Amino acid sequence: MNLKFIAAGVLAAATLGATAQNINGAGATFPYPIYSKWFSEYSEAHPNVKINYQSIGSGGGIRQVSEGTVDFGATDSPMTDEAINGAKVKTMHIPTVLGAVVPVYNLKGVTQDLNFSGDVIADIYLGKISKWSDPRIAKDNPGVKFPDNAILPVYRSDGSGTSFIFTDYLSKVSPDFKSKVGAAASVKWPTGIGQKGNEGVAGMVRQSPNSFGYVELIYARGNNMQFGAVKNSAGKFVKASTDGVTAAAAAAAKSMPADYRVSITNAAGPASYPISSFTWLLIPLKSTDPAKAKALAEFLGWMLDKGEAEASAMTYAPLPKPVQDMVRKSIAQVK
Amino acid sequence: MTTEPESGSTKSALSPVPTEFVASAVEAPVSAPSPIREFLSQRGSGRLADRSFAAVMLLCSLSIFLIVLFIFFILISRSKLSLLAFGWKFFTRQAWDPVSGDFGALPFIYGTLATSFLALLIAVPLALGVAVFLTELCPRSLRAPISFLTELLAAIPSVVYGLWAVFVLVPIMRDSLGPFLYKTLGWTGFFEGSNFGVGLLTASIILAIMILPVISSLTRDIMTSVPNSQREGVLALGATRWEMIRTGVLRNSRIGIVGAVMLGLGRALGETMAVTMVIGNHADISKSLFAPGYTLASVIANEFSEATGDLYLSALIEIGLALFLVTIVVNAIARLMVWAVTRGAPARAA
């Protein structure tokens, strides 16, 4: 009985192998959990298409798709103009889902969620606010008694989209941070210690008293970590949630550029969570293989129809409706 | 390599003479080919086999040269952009700013050398102690379990060491060992500033633990190979046990010990995972061992996958070149040291 099934499976695989479309992609690690779910579900529904994705990092994704060694790329930070001009294969950014970065901390005796203003976070990482008892922290948290201990800022030592979103936000709210540090996947942090990956930062914060760090919302949620609320551009303290992130995206949708390369950190609107960002797929504008381009376009359509609905279950924020409509039009150009 | 011209000259001198003659020339009184020579000829081993064997061996050793040259060539060619932008000053500049595209390797070179040498400082005396105990003083019943455990330590993957360091060593450093060092040795200036449990010292300690088994098991093997007649001779002259170990064993095996230490240093210089997890990854040069640092291997591992921009990527590859050069220089110094140590006395039991 079993053998028959296996034989049938092998046969089916062999006959499919002849016509199956293999699509290879590489890039960002942040959306990897949902991408791998999408790709496997899509392959189940469309047995003639197999999408392979390697989460080698945004930098590697951009390089490989620009060189034409993979069929599509993925990135957490939009390509710079310089990178676009230098690319052998021209690509189009397609936003897929959104993520957020949250501040985490370890303070003995403080059980309630803390509030942070953007400029306070920036000054903690610049070393200007070095103690928890600083009056500027206390101002955002009336009624909380802070210890007079030195803050240990923890940052991501590995280049990551998380750091890009975080530094992009801090550069927007603090001119000082923008001139001294700037926004990138890896930056020159003036103070603090670096740890590898979300798990490294979270582990360090968890075991070091008086530390302060930042991790992805998905990571904080998945590990039941306590995290703080951040003041948005409307002056409200918002705790990160998929709704808050989608609200930020919706606020930015009105002024969405045609190439989707937009930063939505510090977005307008009272419900917007300020440290949010899109993550993008990089789809070649002109594929060498029209069959592959067609299969990719079909997948992107499926992503909008079915995939987006699965996002919030995995703590990613889905694209807001107006952006989905824009993307649908862009997909039509893929050939 | 050294035997090459010798065999060549004998071949050319004897080439017109048949093989039997060569054999008989060696064993002069016998005119007939020796039974051994005959047996070997029947087995098909002759000059051709000898020559092809030598050629194959030469190829094998040349492959080492080729691999090193190839790595060097790739490192140079891929880091051209950064070499052109910063020149040789890259190795002496203290800057690492991917945003503005300003790169220099000095803090990383400092971090690599500081942690590696500190690790040696901790590990070498310990490793020598382990080896001396195992070869000279250990009761027979304890020898096997201790040897087994040392070799087991050597087989643990570095990420496991890193995890252990994060969860065990870092809290110890932060809460007990660090404050103790600050209180007792704070005046030296090496144990100043805030101590968060991660930093150069923690990285050095985990490196020391990682290279300890390598050095101690090699040293043990070297000490075991010292002939017993040496020990007996020294003891017969009326030496105490310690004097016997010092003059009979340690003195005879010092070249081998230096070799073992160098192998440990090599591992320490290139170690990536465990160090990255506890060194703090902050590109700064600071005298205090509590301060976070950064190593060459760590920065490559951390930043390579997300590096965008050609100059940035090229600078990261030049960091690889720096690691390559640091290894070469350190090895050259080690060779010099061996030479200096052995200049006087004849080398035994190396």
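Reply: Here is a walk through the sheet, with a few words on its surroundings and on the other chain at the end.

A bit of housekeeping: this is a predicted model, where local features need pLDDT of at least 70, side-chain atom pairs count only at pLDDT 80 or more, and totals for chains, interfaces and linings use all residues. Residues are numbered from 1 along each chain as its sequence is written, while chains are lettered from A and ligands numbered from 1 in the order in which they are written.

The sheet is an open one of eight strands in chain A, ordered β2-β1-β3-β11-β4-β8-β6-β7, and its pairing is mixed. Strands and helices here are DSSP runs numbered from the N terminus (E, at least two residues, for strands; H or I, at least four, for helices), and two strands pair if DSSP finds at least two bridges between them. The edges are β2 (49–54) and β7 (193–195) of chain A, each of which pairs on one side only. On average, neighbouring strands of this sheet are turned by 25° against each other, direction ignored; axes are lines fitted to C-alpha atoms, for helices over the stretch in contact, and angles run from 0 to 180 degrees between N-to-C directions.

Strand β1 (residues 21–27) of chain A runs parallel to β2(A), and six bridges join them. You can pick out A:Asn24 opposite A:Asn52, and A:Gly25 with A:Tyr53 as its bridge partner. Another helix, α3 (residues 58–67) of chain A, lies across β1, β3 (72–75), β4 and β11 (276–284) of chain A, running at about 150° to β3(A).

Now for β8 (residues 211–216) of chain A, where six of six residues are buried. Buried means 20 or more other C-beta atoms within 10 Å of a residue's own, exposed means 12 or fewer, and partly exposed is in between, with C-beta atoms placed from the backbone. Strand β4 (residues 91–106) of chain A runs antiparallel to β8(A), with six bridges between them. Strand β6 (residues 152–156) of chain A is joined to β8(A) by two bridges, and that pair runs parallel.

A:Ala234 is partly exposed because 14 other C-beta atoms lie within 10 Å. Leaving aside neighbours within four places in sequence, A:Ala234 is in contact (C-beta atoms, placed from the backbone, within 7 Å) with A:Ala268, A:Gly269 and A:Pro270.

As for the other chain, the secondary structure of chain B comes to 15 helices and two strands. Of the 350 residues of chain B, 35% count as buried. The contact between the chains takes 28 residues from chain A and 22 residues from chain B. On the chain B side, β1 (96–97), α8 (158–185), α13 (273–278) and α14 (296–303) each supply at least two residues.

Conventions: Two residues are in contact if their C-beta atoms, placed from the backbone, lie within 7 Å.
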